[in-house]
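Hi,

Here is the structure I promised to pass on. Have a look at it first, and then read on for what turned up.

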Amino acid sequence: MGDKTDVMQGTLALMVLKTLDVLGPLHGWGIARRIEQISGDLLSLNQGTLYPLLLRLEQEGSIDSDWGASENNRRARYYRLTKTGRKQLQSEVREWQQTTEIMARFLAARAEEL
Amino acid sequence: MKSLRRVGQRMWNFALRRDGGQRLREEMQEHIAMETAHNQRLGMSPAEARRQALIKWGGASAVREQYHAEKGLPLMETMLQDVRYAVRMLRKSPVFTSVAVLTLALGIGANAAIFTLINALMLKNLPVADPRTLVRLGNNNDCCVGIGSHDNGEMSFFSTDTYEYLRKNLPEFEELAAMQAGFAYRPVVVRMDGSSEAPRSVMGEFVSGNYFRTFGLNASVGRVLEDRDDAAGAPFTAVMSYETWKTRFHGDPGVVGSTLRVNTRPVTVVGIAPKGFYGDRLLPSPPEYYLPVESMPQIANVPYVHHTPVQWLYMIGRVRPGVQLGSLQEKVNTLLRHQLAETGRFSGKSGAERLRQLHIVLTPGGGGIQAMQEGYDRQLRMLMTASGLVLLIACANLANLLLVRGMSRKAEMNVRTALGARRGRIVRQLLTESILLASAGGLAGLAIAYAGTQMLLAMAFPGAESVPINPSPSPAVLAFALGLSLLTGVLFGAAPAWIASKATPADALRGGTRSVAGGATMLQSSLVVLQAGLSLVLLVCAGLFGKSLSKLERIDLKLDPVNRYIVHINPQTAGYTQRQVGDLYRAIEDRFHALPGVEKVGITSYTPMEDNNNGWSVQIQGKKEQEHNAIASYLKVNAEYFDSVGTRVVRGRGILPSDTVSAPHVAVVNQEFVRQLFKPGENPIGQHFGGDLKSAGDWEIVGVVENTAYQSATWNEHMMYFVPTLQRPLSAEPDSIDRDENMYAGAIVLKTSRPVPDMEESARKTLAGINPNLSVVRFQTFSAQIADQFSQARLLSGLTSLFGGLALLLATLGLYGVTAYGVARRTAEIGIRMALGAARSKVTFMVMRGAMVQALAGLALGIPTTLLCMKYLSSQLYDIKSVEGSVMAGAVALLALAAAVAGLIPARRAASINPVQALRVE
């Protein structure tokens, strides 16, 4: 696991929101799985930590949750994006793109340009 | 917005005690099952699949903790936890808890009681509309009827002419009201028209027609006084106080419109004043009736209401918004001087000089006329200081208790630290405990404050009809008491908490209770020294006030109060004119002599040791005019008066029945009169005197009486002269009798051969038998009247003793606590000493010495402080200018005794330590 990256503070929330935006209502395991898949197993995620985050997002009103039946007919809690959550996602995505762009330019700069 | 919603959700969860543990558990189960299934699909064995799933989940308890933290209010929860734990810990040591709570309750209770009184007396505004825009014209308590100003030219009460002139010429005032300055000294007699009930002598205040309008008040029933009531020739009207309406007339609305007899004149009640309104000043007996100024000449039969320079009114006005008080004051004074100049009283150069000095100081009027406040101001401040010291001692005590407790719980703290408790958490826990204690103390203190205020009121105003002060603490007092207790808790809880939290776990576990180092810390000892010093200060104060009181009470008043009764009357309120009083006095003498047991019936303008005086200037015939006005108290008395109060005639004769209207005009003077106005050895008998050079032949001196105490016990060296009841100055115009208020007697003094318990009732009946309108204004035994003069001194002495005793008790407790704690900590050490052969007496001595050294240090602190305080105290004391040796010695002895008791108990315990047991303790 040595070359796996820890999740950066604050980015996990954005990943969760994006996942729900793309896949629609999903249970916790599904979200965790999806994040790992997309990150190409580069991320080391303690899956348990996802749940306090989900709770926080729910309390903030970005997502909503309800019990439902899972694929193998078990009870699972499904999370879905709310209207507020969608707005939040858009603004956070914008911020993130800005940040990465700045970082990218910064890292690409050569000595003479600085 | 986002965080707001989150906080709301959290509080909701907290309130519902929903921590979501169940939900998380279910989700976790579900998650693990799915992950396990996924792992199995990847080809793992079921056991391995589940193991990997659990690893992937991460630290379960960390997640739970995080989840929980998201969900509720962790701070609140730990706080509740702390409180629950603190309650349990406090319950476990009931002695500590009750001593601490009691200590605080006494300290806070005393302070809150005094503060309630100060709040009511000093800080409270009148219950009127917008008290901030009210301004009083004047700044002192000058009263009640007279001409003149303070020596510095300040004027605070005014003639009707001045009032009317200012009211007309000061548009800066929305309203300018005037009110009778001395109504408390001139009760009115009220009787319901057609009722058989005995007339009552009550407080009635004459006020201008715009009085209620100025205060922005409306009647609770009917209407308030208006300008048309206060006009010449208007029918007599009055407004009744709400309190009187409720208590005397049971709130009957039919009272409005009915007719009362006020001093026998028919007066229509037009309305009831608003609830809670107690007039324009705080007095033990507020006015029951408000009457227009214009009706005063007829109702009160006084000559000074119109067209005289006599001052008798206070003024309070409501200024218009935006008026500058500085320029207003200048204008007021310009107008005042202009008006006074027109009276012609200030002619000549010296007159102009005097007029230039006269001025009015504008003061805030929202608190009304500060009549009572001035008298109580210094004393309340002093009591506040004393109770503040008690609180300080109480706080020191609490700090010490907490400190001792903190030390003895060191082991507990160490264990908790070793188990991973953070220092902040431990400090918070200890702080919670002390705040909890302080709150409990604060609450108990409020109960004490309530009872204490009632006691204070009863002590301060004995026999008052209805003091308009509510003894229940106001929100301000509540805030004050609770704030004080919390501050105490935090402040004095912090130090012990900090010290206790400095525990090093390793030390504790090594068995740190075995200690040879001194028992108590420096901090503890200095707290005890402080307590001892402060309580010495309070004890000396108490001693000085007690001494002052006993000196006051032991003054030889040259009076005989045994079997004497004083019946205050006011013939003028019963409708008698000055020309009719002669018959009345004869009737009084005859009827009262007919009562069983009555030996002497004295009739007088006023009596010794009541708050009354009537001073007139005197000039001896044939002597040159005095540089300073010689003022002598003037009384009209009948033949039996001197015997009735026990005043002895030392030269010549007293007043005789033969000194009738037509007999030669005679006067009896007191020894001081002779001392001041005659040369030593000169015979005053046969000499004449009067008010000035022109009237110097008015009275012939026929006798000299002893100096007796009038007005107050401490008023020495005042001249007095007594003339027969019906005689008037020789030079007075015969017609002026109709304006001569001195013709009215103020009191009957009865001397009986034995105690007559129902004298009040017989006096009432006897007077009513002479004239149904003749009522008893006030009835008291002579002893009670004299005792009343000392009530303030007694109150001060009582309260300072109370505070002194409290302080001593607390200091003793503190000293005991520290010494006992020291002994407990040194049990092992003492055991070793004794095992090595130390005698029990030596151990006792060692412990006692510690306690005594602290007490001595307290003395070293307290004695100089006391000497410093003396400067502020001496004005409150009678005939005591420096700390008396006996008082100081007494206080020191008391403190030493207390220290000995506080030291002896732990010392004996130390001496009874069994060495073997002591060493086995650990």
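Before anything else, one term: two residues are in contact when they have heavy atoms within 4.5 Å of each other. Go by that for chain A, and among its contacts between residues at least 6 apart in sequence, 52% join residues at least 24 apart. Please keep in mind that this is a predicted model.

**Chain A on its own**

Chain A has 114 residues, and 40% of them count as buried.

Helix H2 of chain A is worth a stop. How many of its 11 residues are buried? Eight are, so H2(A) is largely enclosed by the rest of the structure. Those buried residues are Gly28(A), Trp29(A), Gly30(A), Ile31(A), Ala32(A), Arg33(A), Ile35(A) and Glu36(A). Just after the helix comes Gly40(A), with a positive phi of about 65 degrees.

Then there are the salt bridges.

- Arg86(A) pairs with Asp21(A), with 3.6 Å between the closest N and O atoms. This one links distant parts of the chain, since Arg86(A) sits in helix H4 and Asp21(A) in helix H1, 65 residues apart. Arg86(A) is partly exposed at 39% relative accessibility, and Asp21(A) is partly exposed too, at 28%.
- Glu60(A) meets Arg56(A) at 3.2 Å, N to O. The two are four residues apart in helix H3 of chain A, which means about one helical turn separates them. Glu60(A) is buried, with 6% relative accessibility, whereas Arg56(A) is partly exposed at 27%.
- Asp64(A) meets Arg80(A) at 3.5 Å, N to O. Asp64(A) lies in strand E4 and Arg80(A) in strand E5, so the pair ties together parts that are 16 residues apart in sequence. Asp64(A) has a relative accessible area of 31% and is partly exposed; Arg80(A) is also partly exposed, at 34%.

**Where chain A meets chain B**

The contact takes 28 residues from chain A and 26 from chain B. About 2600 Å² is buried between the two chains, and carbon and sulfur atoms give 55% of that area. On the chain A side, Trp29(A), Tyr51(A) and Gln59(A) lose the most area to chain B, together making up 28% of what that side buries.

As for polar pairings, 12 residue pairs are in polar contact between chain A and chain B. Which parts of chain A supply at least two residues each to the side that touches chain B? They are helix H2 (28–38), helix H3 (50–60), strand E4 (63–69) and strand E5 (75–81). H3(A) gives the most, with seven residues. By type, the residues on this side of chain A divide into nine nonpolar, 11 polar and eight charged.

Three salt bridges run between chain A and chain B. In one of them, the side chains of Arg75(A) and Glu26(B) come together at 2.6 Å, N to O.

**Over in chain B**

Chain B is divided into five pieces: domain 1 (2–72), domain 2 (74–124 + 377–512), domain 3 (131–371), domain 4 (523–556 + 786–922) and domain 5 (570–776). Taken over C-alpha atoms, the centres of domain 1 and domain 3 of chain B are 80 Å apart.

Gln180(B) lies in strand E2 (residues 173–180). Is Gln180(B) buried or exposed? Its relative accessible area is 3%, so Gln180(B) is buried. Leaving out residues up to four places away in sequence, Gln180(B) touches Arg186(B), Gly204(B), Glu205(B), Phe206(B), Arg281(B), Met296(B), Trp312(B) and Leu313(B).

The other is Pro321(B), in the loop between strand E11 (313–319) and helix H11 (325–342) of chain B. Pro321(B) counts as exposed, at 72% relative accessibility. Pro321(B) and Phe173(B) are 148 residues apart in sequence, and their C-alpha atoms are 9.3 Å apart in space.

Over to you!

Terms used:
Residues are numbered from 1 along each chain as its sequence is written. Chains are lettered from A and ligands numbered from 1 in the order in which they are written. This is a predicted model: local features need pLDDT of at least 70, side-chain atom pairs count only at pLDDT 80 or more; totals for chains, interfaces and linings use all residues. Side-chain values use heavy atoms; hydrogens and water are left out. Domain bounds come from an automatic or database domain assignment. Buried means under 20% relative accessible area, exposed over 50%, partly exposed in between (1.4 Å probe, protein chains only). Buried area is the accessible area (1.4 Å probe) that two parts lose on being put together, summed over both. A salt bridge is a side-chain nitrogen of Lys or Arg within 4 Å of a carboxyl oxygen of Asp or Glu. A polar contact is a pair of N or O atoms within 3.5 Å; within protein, one must be able to donate a hydrogen and the other to accept it, and residues adjacent in sequence count only if both atoms are side-chain atoms. Ala, Val, Leu, Ile, Met, Phe, Trp, Tyr, Cys and Pro count as nonpolar, Asp, Glu, Lys and Arg as charged, and the others, Gly among them, as polar.
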